[in-house]
Each structure stands twice: as structure tokens, then as C-alpha cells.
Amino acid sequence: MAKSKATWDGFSLKPRREMPQGLWMRCPTCEHMLYKNSVVDNLNVCPDCQHHFRVDSNTRIAQLVDEGTFQEVAEELSSSDPLKFTFRGTQYKDRIDADAAKTGFNEAMRVGKAFVKGRGIALAVMEPEFLMGSMGSVVGEKFCLAAEIAIAQSLPLVVVSCSGGARMHEGVVSLGQMAKTSAAIARLDKAGGMFISVLADPTTGGVTASFAMLGDVIIAEPKALIGFAGPRTIYQTIKIELPEGFQRSEFLLDHGFVDTIVHRKDLRSEIARLIDYCGKEKN
Ligand SMILES: [Zn+2]
């Protein structure tokens, strides 16, 4: 059987199928056959090589916050189709409906409040299965809502990014969300708030170029792809082979773009520790 390594092939990629139906699955890094339940029980991390599988928003929230504490807001918000955009014969509106049916969510970000080890947080989690976790007008709006909750209720803001970047279907409206979300973080900063940005594989494009890299603390999961243009796009543009590991968490840590790399099993503890360390002193 031909062995295939999972690759990120730019913004036009199809969602990577890492969690096939059935009892067994193959790890794309070590290529071991794994009993699926053993991976799920291990926070969707390969027990053999620690490959961090991509997880949907429900799984991420369940793994990150105290059980049953997530209170979602604005889940009904859904994008309109301002440009009447069609891509490869599919209308944007139809794509939204299809991905809503597939994921059970109306958009590529979920926001609300929750607790992490008893610490209250405002939370935003991207849904990678919804139009590749891309940022359009609704993602921008929901991100700002989460920031407003953080400001109004003096909560730290925790955002988990997992995104193909800005959503081309919304054109410049989508690019405008980069400024909008960045401005929301500036307001949070002015209000004395704290923003913990968690980068999962992949975090790319307009999301990297806006809020994802604006965290007071930026945490990356191991070996996550983090960058602006994808490696293939860069190669096709400048015809230069990129350095080994370029745009991976470890390379970015070495070059000062992220503050720390945290294994998924330690993410809750690390976020709680940061909140305690950076939080306001209680009177
Ligand atoms: Zn593995």
C-alpha cells in the first residue's frame, strides 16, 4: 500500500481526513496503525509519536474547559453572501448550508464563557471543519463579542485558532475582519484585559496576520503549521526551498514568534497557571 504523509497544500486544500470511521486509524507522522479509542482517550494525540490530531470545536471545548461549563452565545449568527460569490461552481450560500449541515454549527467560530480549572474565561474556538475555519464577517463579529465579554466581565480571553485564513468568498469584507479583530484586542488591552492565544495546526493567512499573533501570551501546539502564505504558495512564488521545519511551532519558538509550545495534555494547567500569574490580585 502506498504510504502517504498528510500535508498542508495551501488554502485550497481539502480538509484532512485524520479520523476515519472505524476502529483503527493511521498516524500521519509515525504511520503506526492506532486503535482509535486509544487516540481519543489520549486527547486525540498519537500515543506513539505525540502527533496532535486536528480536533473539531466540540472536542476542543470538551478537552479544554471544565465539564459542562461552556455557555455559548451568538450561535445563531450566520454569514450572508454580500458578493454573490461562486467558487468552482458552488455558490457561497450553498457551501455555508452544506458545512452547517456537516458540522452542526452556523459558522467557523464558537464563543462564550467557560471555566478552566475553576478560572472564569471568555472563550473563542475555531471550527476547522466549517469552510476550513476561515474568517469571514461572522467570525470577526463573534471574535469581537468574545472580546467584549472579556472586557465587560473582567475575564481573560482565551482563543483557540485553527484556520485556513481569511475567507475568500467574502473578499474585502473578510479582510476587514483582520482590522476589526485587532481593534477589539486593542480595546481589551486598554481595559487591562489579558489575551491568551492558542495556535493549533493549522493557523494561517489572515488569522495569523491579525488576532492570532496578538496574544499577550501565544501558545502553540507541537508541530503546528503557523504562517501567512502556505509553503507551497511561497515556493511557487519565489522558487526557493524553505528551511527545514519552516512555519512549524518549534521553528517559530526559536525565532521568537510564539512564547511557548504546550502539549495538549498540559494546556488546561498552563492556561490556569498563566491566568493566576498574570491576573489581577484579588482584594
Ligand atoms: Zn504517531
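**Entry 1: getting my bearings**

I start with the words I need: helices (H or I, at least four residues) and strands (E, at least two) are DSSP runs, numbered from the N terminus. I also remind myself that this is a predicted model.

Next I looked up the domains. I found domain 1 at 22-53 and domain 2 at 54-278. Taken over C-alpha atoms, their centres are 24 Å apart.

**Entry 2: where the two domains meet**

How many residues of domain 1 are in contact with domain 2? I read six on the domain 1 side, in contact with nine residues of domain 2. The area buried between the two domains is about 700 Å², and carbon and sulfur atoms give 55% of this area. In domain 1, I noted L43, H52 and F53 as the residues that lose the most area to domain 2; together they make up 75% of what that side buries.

**Entry 3: the zinc ion**

Which residues are the protein donors of the zinc ion? I clicked on C27, C30, C46 and C49, and each gives its SG atom. These donors lie 2.3 Å from the ion.

Then I checked the geometry. The angles at the zinc ion run from 103 to 114 degrees, so I call the arrangement of the four donor atoms tetrahedral. The rule I used is that all angles must lie between 85 and 135 degrees.

C27 counts as buried because its relative accessibility is 0%. C30 counts as partly exposed because its value is 22%. The cut-off I needed here is that buried means under 20%.

**Entry 4: the nonpolar cores**

I moved on to the largest nonpolar core, which has 37 residues. Inside it, M109, F143, L157 and F211 have the most contacts. Several elements give two or more residues to this core, including β6 (109-116), α4 (137-152), β8 (157-163) and α5 (171-190). The largest share, seven residues, comes from α4.

Leaving out residues up to four places away in sequence, I listed what F143 touches: M109, V111, L157, V159, T181, I185, F195 and F211. Apart from this core lies another one, of 20 residues, with A114, V217, I219 and L267 among them.

**Entry 5: R167, an arginine in a loop**

I found R167 in the loop between β8 and α5. Is R167 buried or exposed? I put R167 down as buried because its relative accessible area is 1%. Its neighbours, not counting residues up to four places away in sequence, include S79, Y92, E107, F130 and S174. I also looked at V207, which is 40 residues from R167 in sequence; their C-alpha atoms are 9.9 Å apart in space.

For contrast I turned to V172 in helix α5. V172 counts as exposed because its relative accessible area is 65%. Its C-alpha atom is 10.0 Å from that of S137, which is 35 residues away along the chain.

A reminder for myself: most residues other than glycine have a negative phi, and most peptide bonds are trans. I went looking for exceptions.

Which two residues does a cis peptide bond join? I found D201 and P202, with omega at about -5 degrees. D201 is in strand β9, and P202 lies in strand β9 too. At 12% relative accessibility, D201 falls under the 20% cut-off, so I noted this residue as buried. D201 and S161 are 40 residues apart along the chain, and 8.3 Å separates their C-alpha atoms.

For phi, I wrote down two residues. Q50 has a positive phi near 70 degrees, although this residue is not a glycine. Q50 sits in the loop between α1 (36-41) and α2 (57-64). It counts as partly exposed because its relative accessibility is 34%.

R88 also has a positive phi, of about 50 degrees, and is not a glycine. I found R88 in the loop between β4 (86-87) and β5 (90-91). R88 counts as exposed because its relative accessibility is 66%, and the cut-off for exposed is over 50%.

Terms used. Residues numbered from 1 in each chain as written. Predicted model: local features only at pLDDT ≥ 70, side-chain atom pairs only at ≥ 80, totals over all residues. Heavy atoms only, no water. Core = buried A, V, L, I, M, F, W, Y, C linked by side-chain atoms within 4.5 Å. Buried < 20%, exposed > 50% of the residue type's maximum accessible area, 1.4 Å probe, protein only. Contact = heavy atoms within 4.5 Å. Donors = N, O, S within 2.8 Å, 3.2 Å for Na, K, Ca; no water. Tetrahedral: all angles 85-135°; square planar, octahedral: opposite > 155°, others 65-115°. Domains from an automatic or database assignment. Buried area = accessible area lost by both parts, 1.4 Å probe.
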